[in-house]
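Here is a short briefing on how two chains meet. Look at the sequence and the structure before reading on.

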Protein chains: 2
Amino acid sequence: MALYGFTRYKERNLAEVKRWRDMYKNVPKSQQKLVEKTIGYTRKLNTVEHLFEDNDRIAADIVRHGLEFYDIPRKELDEFIKDMQKEKKGPDRTSVVQGMKHFVRDWSEEGLFEREDAFKCILDNLAKMDRSEDKPIRVLAPGAGAGRLGYEIDALGGFEVTINEWSMYMNLVHRYAVQIASPNSLSYYPYIDWWSHQATTSDMQRAVHFPDWIPSASRVVMVEGDFTTLFSDSESGSYDVIVSLFFIDTARNLMAYLENIHRLLKPGGTWINLGPLLYGTGPWLQLSLDEIVKVSEALGFEFDVDEAGPDVCGTPTAGEGLDGKVRSLYVPYAQNPKGLSRNAYDAQFWRATKR
Amino acid sequence: MALYGFTRYKERNLAEVKRWRDMYKNVPKSQQKLVEKTIGYTRKLNTVEHLFEDNDRIAADIVRHGLEFYDIPRKELDEFIKDMQKEKKGPDRTSVVQGMKHFVRDWSEEGLFEREDAFKCILDNLAKMDRSEDKPIRVLAPGAGAGRLGYEIDALGGFEVTINEWSMYMNLVHRYAVQIASPNSLSYYPYIDWWSHQATTSDMQRAVHFPDWIPSASRVVMVEGDFTTLFSDSESGSYDVIVSLFFIDTARNLMAYLENIHRLLKPGGTWINLGPLLYGTGPWLQLSLDEIVKVSEALGFEFDVDEAGPDVCGTPTAGEGLDGKVRSLYVPYAQNPKGLSRNAYDAQFWRATKR
């Protein structure tokens, strides 16, 4: 399904440009004349169309690499696509576009301003832990996205890192990003799909290079699939640390996530969380922060209490019953650094021990 | 249509609570048991249901006042609703909920943190203008929302204020807010409809009182309807100042907005803008900021240039061709001040003169 999506990158995005063109036709001719003379809106549409075609080379290469990596014959994909089309099941434009944006967030210098504060909080917590190369700490990071955090943890040394991601859109982007041989050797145009919040058209049309870093991939173990069903009983109690970054609010059943984090940790193991509480469509239950703390305590977690002032993980979150167990860290998200949106979260940090 | 929406406030929101209940049924019984014991999720659903019923008293009173104000017989509304239902046209939950949120944004102390910086920028610009009670300055503010800005301008003295709003959801909320006799005499629960980004359940369930201010309403002229068609030729060149706050990105045809602002101003008149560029669904053209500047100049506006550092209207916006003509002001939007979202914009400020 995800491969299908990437094969249709060009088709779906050019359809969107066509929609913009059709909209523009509604503008009265006299106004169009001024717009064309002054800023060349049709030229802008043409340029963006070309840039989508350029981006399609990356999308096509993601498909090529994905087929190779997962050892899927091209013919099998073609047949799958034919079946989908028979059933009138279209490819998902949004998941593809969002997946590719993670080249920026996870694998570019431009994404650094979004990830640096979140990563610093988590890496600082891990770096302080006692460990050695012969006695490494076993870390599991579910919700890996395009994978950057896992490789950063690995680079600290003394950790045995497992990462997990459910979305095949993300996994394709991740697998593609980490096999590129030289830094910043590829580029694409990440901002052309959304014309809101643009300071200048040339900013909107700029390319972003990636990857800014070539990790030593070999040691990070990547497991793909559903966090709640993927880890067998034999893995219960086998991790020293679980890091959930921008993860827990993606749950359909949040209780299953929390139980599973508890199950997989060793007794005395540490759960480190940082992320917002932005529930998706159709979650089975939507807990507020104080409820997550209470339920987690009932499951057998003991939260670290720290009422001190600002540190790399933010400041104590205000609210009855939170009592220094949770900190708020301001984290920008899905911003174009040269754009005009200032979308952000107070991401919630805690460290809790499995009793 | 808007009145129809408000009459169905309870029905539509209780349907949403039912959806949440049904979702929760998917959670396995053993997990439900722990959730009930620890935090009482079913009790939370029940409480929120009651609070929606409580909010419905405000919604019903908005309908009562709306019928009275617009002199519409209740029977006429009932018949309209029957027709809508025959055509399977449902009421719009989102517009009603968003409309009522403007009791917070425009008419409560709690909304002050969102409006104060934006209002300060605009009011400071107006307050400096030469005027007297006998020679008042004529100001037009389209996109009035629930109306607060217009009354604040009026309170400066020496202005003849006209405000304009297209949305009848907003107009009903506005008309209702300004007829309340005593400050903070009403309350409602604005945060129960969205369970994301909640620090505590008690914060989510708190009431907000309104209105925090009783304006002297008599002098502000309110015209309802479409900005681009509402003002006749006889009104061309009749305003000294047009203030567009969080307005221009609501256009279907942005060119029509810009032309109309230019047409309605007196020669030498001033256009003051502050707002994001967040285009809605289906805009005919989506311009970046530099394009808006260029097109406006071509229409006959001259932008004030100010490359100085921070002031009440922000700092100069970076970008080729902007050259001190535009400033960026950080403005929070649609946040719950006790919640965990930090949604915000760099709203764009400019002052331009009609040549």
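How many salt bridges does the rule find across the interface of chain A and chain B? The rule finds four, a salt bridge being a side-chain nitrogen of Lys or Arg within 4 Å of a carboxyl oxygen of Asp or Glu. This is a predicted model, where local features need pLDDT of at least 70, side-chain atom pairs count only at pLDDT 80 or more, and totals for chains, interfaces and linings use all residues. Residues are numbered from 1 along each chain as its sequence is written, chains are lettered from A in the order in which they are written, and side-chain values use heavy atoms, without hydrogens and water.

- One salt bridge joins A:Arg342 to B:Asp346, with the closest N and O atoms 2.9 Å apart.

**Extent**
- Chain A and chain B each bring 58 residues to the contact (heavy atoms within 4.5 Å).
- About 4900 Å² is buried between chain A and chain B, and carbon and sulfur atoms give 59% of that area.
- Buried area is the accessible area (1.4 Å probe) that two parts lose on being put together, summed over both.
- In chain A, the most area is lost to chain B by A:Trp284, A:Gln286 and A:Leu340, together 13% of what that side buries.
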